[in-house]
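Dear colleague,

I am handing over the structure we spoke of, with the sequence alongside. My notes on what was found follow below it.

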Amino acid sequence: MQLHEMIDRVTWKMVEHDGGSPKRIQHFLKVHRFAQLIGREEQLDAHTQLVLECAALVHDIGIGPCKAKYGRCTGTLQEQEGPMYARALLEEFHLPEADVERICYLVAHHHSYDNIQGMDYQILVEADFLVNFHEDKMEKDTVRETMNRIFRTQTGKRLCQTMFDLDQ
C-alpha cells in the first residue's frame, strides 16, 4: 500500500472514530496537513513521514474516550489514554510493531515539550501548536514566545511567522 493510500484509510478511520464532532475532525485534519507540509519541506525520509502523518491523524484520539470516562479531557489524560486507542485503530493496517510503538509514543507525549526527540515528534508538536494557536485565539506575544521556545524547524517557524504576522 502506498503512503497516500495508507494515510487516506487512517483518515477515514479517524473520521469514523470522531464522528459527530466536526471540531475534532477538522482539528486533526489541519494538524495532519501542517505536519505533512513541514515533514516534506524538512525532507523527512518516506518512513519517518509515514509515522509522522499517522501520528498527526491519531494524536488526539483519546479526547472522546477521556470525556466519556472522566467527564473531561486534559492533555495529561489524552497522553495517558490515547495510545491504547491509537494501537487499536492502527491494528488493521499491519504496520510494523516498531512503527505502532513510535506512533503510540508520539500520542503519549504530544503535550510534553521538555524532551522532544526525533523530527517526527518535533514536527507533530509544531503542527499541533500552529492549529491550537488559532483555535484557542492565542495572543500574538504568546504565539511568538512559544514559537521561540519550542519550534526548531525552519518550515514550522516560517509558517508560524507568516500565519500570525510575527516580526521576523
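What radius of gyration would a compact globule of 168 residues have, and what does the chain have? The model is a predicted one, and for 168 residues a compact globule would come near 15 Å; the chain has 15 Å, which agrees. Along the principal axes, the C-alpha atoms fill a box of roughly 45 × 40 × 30 Å, and buried residues make up 49% of the chain. Among contacts with a separation of 6 or more, 62% join residues 24 or more positions apart.

As for secondary structure, the chain holds 9 helices and 0 strands, so that reading along the sequence gives the pattern α-α-α-α-α-α-α-α-α.

The largest nonpolar core has 47 residues, of which Val 10, Val 58 and Cys 160 touch the most other members. Elements giving two or more residues to this core include α1 (3-17), α3 (46-58), α7 (119-135) and α9 (154-163), and α7 gives the most, with 9 residues. Leaving aside residues up to four places away in sequence, Val 58 touches Val 10, Met 14, Ala 86, Leu 89, Ile 103 and Val 107.

The axes of α3 and α7 come within 9 Å and cross at roughly 35°, in a right-handed crossing. There, Thr 48, Val 51, Leu 52, Ala 55 and Ala 56 of α3 meet Asp 120, Ile 123 and Leu 124 of α7, and the residues of this contact divide into 6 nonpolar, 1 polar and 1 charged.

With best wishes

Definitions and conventions. Residues numbered from 1 in each chain as written. Predicted model: local features only at pLDDT ≥ 70, side-chain atom pairs only at ≥ 80, totals over all residues. Heavy atoms only, no water. Core = buried A, V, L, I, M, F, W, Y, C linked by side-chain atoms within 4.5 Å. Buried < 20%, exposed > 50% of the residue type's maximum accessible area, 1.4 Å probe, protein only. Helix = DSSP H or I, 4+ residues; strand = E, 2+ residues; numbered from the N terminus. Contact = heavy atoms within 4.5 Å. Axes fitted to C-alpha atoms, helices over the stretch in contact; angles between N-to-C directions. Left-handed = near helix turned anticlockwise from the far one by under 90°. Nonpolar A, V, L, I, M, F, W, Y, C, P; charged D, E, K, R; others polar. Rg over C-alpha atoms; globule rule 2.2 N^0.38 Å.
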